[in-house]
Amino acid sequence: MQAATNLGMVAAVTSDPKAPPSPILSGPFLSGPVILAKGLTLALGEGEARVEILRGIDLQIGAGETVALLGPSGSGKSSLLAVLSGLERMSGGTLLVAGQDFAQLSEDGLAAARRGRIGIVLQAFHLLPTMTALENVATPLELAGADDAMDIARAQLEAVGLGHRLDHYPTQLSGGEQQRVAIARALAPAPRILFADEPTGNLDAANGAAVADLLFARADAAGATLVMVTHDEDLAHRCQRIVRLADGHIVSDDAPSGSAA
Ligand SMILES: Nc1ncnc2c1ncn2[C@@H]1O[C@H](COP(=O)(O)OP(=O)(O)O)[C@@H](O)[C@H]1O
Ligand SMILES: [Mg+2]
């Protein structure tokens, strides 16, 4: 535990992943939005090939909230997640994420803004095939200059139940195990926001349910805001809030029906 260098990391490493959600960390009242979008647009392509993908998104997300982005295929969910997480540059509007003004940043600037503040889990696990589970989690930390990267990576992998798979390569792991490595990697730098795009989309029902449980538990333990793209209504209803998209617009923004929130 001498590995822990800040409070966020202590919480991320020491909390029991099976513990119930902490009311202190999961309420929106930690507040001050961590994401603030106004009139956000994304258009790709030039001339006749130009496609307007996001057509004016207004969205505020508070610290510690869990938010599902739900909608039919092609509605712009992945595009919105890519813009909010700094993977794709917005075309217009205002966007503040974790205190950074994304409208002012270049692609390199966005990459720098992501580092340490934003964790991303995608449908395809995107692990490096030549690296072990431990190296996949530790390498981004090392590149970011952490001198205790191996200790943090080991603790994160133990927290997702993979303490016995540290030296396995991705091809030696099941899909569910690979996605658990990706979750450990995303949360290892103690990001303020965890973005996930169809995180259970490549998994069977049992593995998908286990990965979803871990995602909620680990984000909560880390005190991270969770923004998750899904087209799965049941998964979306586990979030405090459901934002529905259609054709590049937000069409509703509610707490799930039947939830106590
Ligand atoms: N690189 C791209 N160039 C042009 N159109 C794109 C590109 N990426 C996505 N789109 C289009 O943008 C729309 C939204 O896509 P996407 O965000 O992937 O939707 P979702 O995740 O909700 O299925 C779709 O109509 C898709 O075809
Ligand atoms: Mg998508």
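This is a predicted model: local features need pLDDT of at least 70, side-chain atom pairs count only at pLDDT 80 or more; totals for chains, interfaces and linings use all residues.
Which residue just after α5 takes a positive phi? I would like to start there, and the residue is G145, whose phi is about 95°.

Let me step back to the chain as a whole. The protein chain has nine helices and 10 strands, and 46% of its 261 residues count as buried. If we take the contacts in the protein chain with a separation of 6 or more, 72% of them are accounted for by residues 24 or more positions apart.

Now to helix α5 itself, which covers residues 133-143. Its buried residues are A133, L134, N136, V137, A138 and L141, and these buried residues pack against two helices, namely α6 and α7, the latter spanning 175-187. I will take the two partners in turn.

With helix α6, residues 149-159, the axis of α5 comes within 8 Å and crosses at roughly 130°. The crossing of α5 past α6 is right-handed. On the α5 side the contact is made by A133, L134, V137, A138, L141 and E142, while α6 contributes A149, M150, I152, A153, R154, Q156 and L157. Sorted by class, this contact of α5 with α6 has 10 nonpolar residues, one polar and two charged.

With α7, the axes are 8 Å apart and the packing angle is about 20°. Angles under 35 degrees count as roughly parallel, so α5 is roughly parallel to α7. Here, too, α5 passes its partner in a right-handed crossing. The residues that make the contact are A133, N136, V137 and P140 of α5, together with V181, A184 and R185 of α7, and they divide into five nonpolar, one polar and one charged.

Let me turn next to the ligand. Which residues are found around ligand 1? They are L44, G45, V51, I53, G71, S73, G74, S75, G76, K77, S78 and S79. Two elements give two or more residues to this shell, strand β2 (51-62) and helix α3 (77-84), and it is α3 that gives the most, with three residues. By class the shell around ligand 1 holds three nonpolar residues, eight polar and one charged.

Finally, I come back to the backbone angles with which I began. Most residues other than glycine have a negative phi. There are two residues in this chain that I would point out against that background, H126 and D247. H126 is not a glycine, and yet its phi is positive, at about 55°; this residue lies in the loop between β6 (118-121) and α5. Is H126 buried, exposed or partly exposed? Because 13 other C-beta atoms lie within 10 Å, H126 is partly exposed.

D247 is likewise not a glycine and has a positive phi, in this case of about 50°, and D247 sits in the loop between β9 (241-246) and β10 (249-254). For D247 the count is 14 other C-beta atoms within 10 Å, and so D247 is partly exposed as well.

Note on methods. Residues are numbered from 1 along each chain as its sequence is written. Chains are lettered from A and ligands numbered from 1 in the order in which they are written. Axes are lines fitted to C-alpha atoms, for helices over the stretch in contact, and angles run from 0 to 180 degrees between N-to-C directions. Helices (H or I, at least four residues) and strands (E, at least two) are DSSP runs, numbered from the N terminus. A crossing is left-handed if the near helix is turned anticlockwise from the far one by less than a right angle, and right-handed if clockwise. Two residues are in contact if their C-beta atoms, placed from the backbone, lie within 7 Å. Ala, Val, Leu, Ile, Met, Phe, Trp, Tyr, Cys and Pro count as nonpolar, Asp, Glu, Lys and Arg as charged, and the others, Gly among them, as polar. A residue is near a molecule or strand if its C-beta atom, placed from the backbone, lies within 6 Å of it. A residue is buried if 20 or more other C-beta atoms lie within 10 Å of its own, exposed if 12 or fewer, and partly exposed in between; C-beta atoms are placed from the backbone. Angles under 35 degrees count as roughly parallel, over 145 as roughly antiparallel, 65 to 115 as roughly perpendicular and the rest as oblique.
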